[in-house]
Amino acid sequence: HRTKLIESLENNNLCDLGTINKSDNIKYHTNSLFTIITPTSPVVNQTYMSEINALFTNVDIWQLLVMGKPFIIIGCQQTIKYLNSLGYFTFYDLINEKYDSYLDIDVRIKLICSELTRIKDNDNTHILNNTKKFAKLNKEKFLNRSHMPMFLNLFDKIRYG
């Protein structure tokens, strides 16, 4: 997915605006408007089609959630919906999250590039001020929540199928 994303960002003249950073250091995340995360996800034309409905999150997603950093996820379909179901606020005021509902990676990347172009062309200062309060709530929710029940539930599902 990352290769298709970079190609699409370049084709839409979005790479020179700091959308992609190949060195991937924390300074980049703290000094940019938002981050694009590309965790591992199933590919539609793989042999194991049942994996398409899988959901995978990684430490990058949780780190950015705790940092209060707006993000776009190009990973498993419905990841944003999953985070919302856990009670976390995503940044729908800043980024239209419609892309998260599509399985086709090409459609998702096209929608994301369209959003990035819209954001680039608009002043989003007032929206960013609103997202700060939600970011603080996300951080508190994550740090104060006991994650043990979720892991025990997952363990039971793995053990008993």
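A polar contact is a pair of N or O atoms within 3.5 Å; within protein, one must be able to donate a hydrogen and the other to accept it, and residues adjacent in sequence count only if both atoms are side-chain atoms.

The structure is a predicted model, in which local features need pLDDT of at least 70, side-chain atom pairs count only at pLDDT 80 or more, and totals for chains, interfaces and linings use all residues. Residues are numbered from 1 along each chain as its sequence is written, and side-chain values use heavy atoms, with hydrogens and water left out.

Glu-97 lies in the loop between H4 and H5; helices (H or I, at least four residues) are DSSP runs, numbered from the N terminus.

| Backbone nitrogen | Distance to the side chain of Glu-97 |
|---|---|
| Phe-91 | 3.2 Å |
| Tyr-92 | 3.5 Å |

Glu-97 is buried but forms no salt bridge, and Arg-118, the nearest side chain of opposite charge, is 10 Å away. Buried means under 20% relative accessible area (1.4 Å probe, protein chains only), and a salt bridge is a side-chain nitrogen of Lys or Arg within 4 Å of a carboxyl oxygen of Asp or Glu. For charge, Lys and Arg count as positive and Asp and Glu as negative, while His and the chain ends are not counted.

Helix H3 has several buried residues, among them Trp-62 and Leu-65. Just after H3, Gly-68 adopts a positive phi of about 80°.

How values were computed. Helices (H or I, at least four residues) and strands (E, at least two) are DSSP runs, numbered from the N terminus. Buried means under 20% relative accessible area, exposed over 50%, partly exposed in between (1.4 Å probe, protein chains only).
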